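Please look at the sequence and the fold first.

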Amino acid sequence: MENKKPIGIIGAMAVEVKELIAHMEESGREEIAGLVFHRGILDGVDCVVAQCSPGKVNSAVCAQIMISTYHPRLVINIGVAGGVGVGIGDLVIASALVQHDFDSTPLGDPLGNITICRGEGEESFIMLESDKQAAAVLLEEAGSIYGGAHMGVIATGDTFVADREKNRWLGATFGAKAVEMEGASTAQACYMNGVPFAVLRAISDNANDDSPVDFPTFARESADKSARLLARALPRL
Ligand code: ADE
């Protein structure tokens, strides 16, 4: 029997999800905590799509509600990102996600170290790995429609990075290829619930001094690229 659980899709900004929602054969929508969850069929695949607004808390809340309410078999965070050593318009598929602004180093922890509850105990991690099969499918489809994509670490924080030195630091410290504001927090919510996740981003700016101009210039084009790739990959996910 076919798996009836939907694929969950989360984007922060309207521009990142509106084309997908427009193309969906929508069977229903529900508002929870101010977030609108669109249920329906996209390219023949049962999906639930939501816009979460930017940031780690917004995305984690959205992912948790989506998981608790719709029980997705996979959650994919899509949209745009700042490039770290990759160009505007390039696609980056996360191999792993890190929260670059999580800092309890004064207590002796490594930078980016997150501790979560596991029943009566606790567990710590720095990176969370994406679902390997979903990442591989996205990479393969990117190869066939866009001539390829980068696969690597995506760094997430509650900061719009527009600084060359911070950009360099993200690459040197975490091996990041892109920086954004929702991927690792979505991943954490998924991980805590045992739900596989993937993050797909298209670069809208170089996370440097030019970003305040580049981001509004390229966000739409890059967001469309990310959504088109996802739509193409969905039947294989
Ligand atoms: N999303 C797109 N560009 C970004 C940047 N430079 N920093 C954080 N998130 C982003």
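The model is predicted: local features need pLDDT of at least 70, side-chain atom pairs count only at pLDDT 80 or more, and totals for chains, interfaces and linings use all residues. Residues are numbered from 1 along each chain as its sequence is written, and side-chain values use heavy atoms, without hydrogens and water.

**Helix pair.** Helices (H or I, at least four residues) and strands (E, at least two) are DSSP runs, numbered from the N terminus.

| Helix | Residues | In contact |
|---|---|---|
| H2 | 56-70 | Lys56, Ser59, Ala60, Ala63, Gln64, Ile67 |
| H5 | 183-193 | Ser185, Thr186, Ala189, Cys190, Asn193 |

H2 and H5 pack at an angle of about 35 degrees, with axes 7 Å apart; axes are lines fitted to C-alpha atoms over the stretch in contact, and angles run from 0 to 180 degrees between N-to-C directions.

**Cores.** A nonpolar core is a set of buried Ala, Val, Leu, Ile, Met, Phe, Trp, Tyr and Cys residues joined through side-chain atoms within 4.5 Å; buried means under 20% relative accessible area, exposed over 50%, partly exposed in between (1.4 Å probe, protein chains only). The largest core has 33 residues, and Ile10, Phe37, Cys62, Met66, Leu97 and Ile154 touch the most other members. H2 gives the most to this core, with six residues.

**Loop residue.** Asp158 lies in the loop between strand E10 (150-156) and helix H4 (164-174). Asp158 is partly exposed, at 42% relative accessible area. Beyond its neighbours within four places in sequence, Asp158 is in contact with Gly55, Lys56, Asp101 and Met181.

How values were computed:
Contact means heavy atoms within 4.5 Å.
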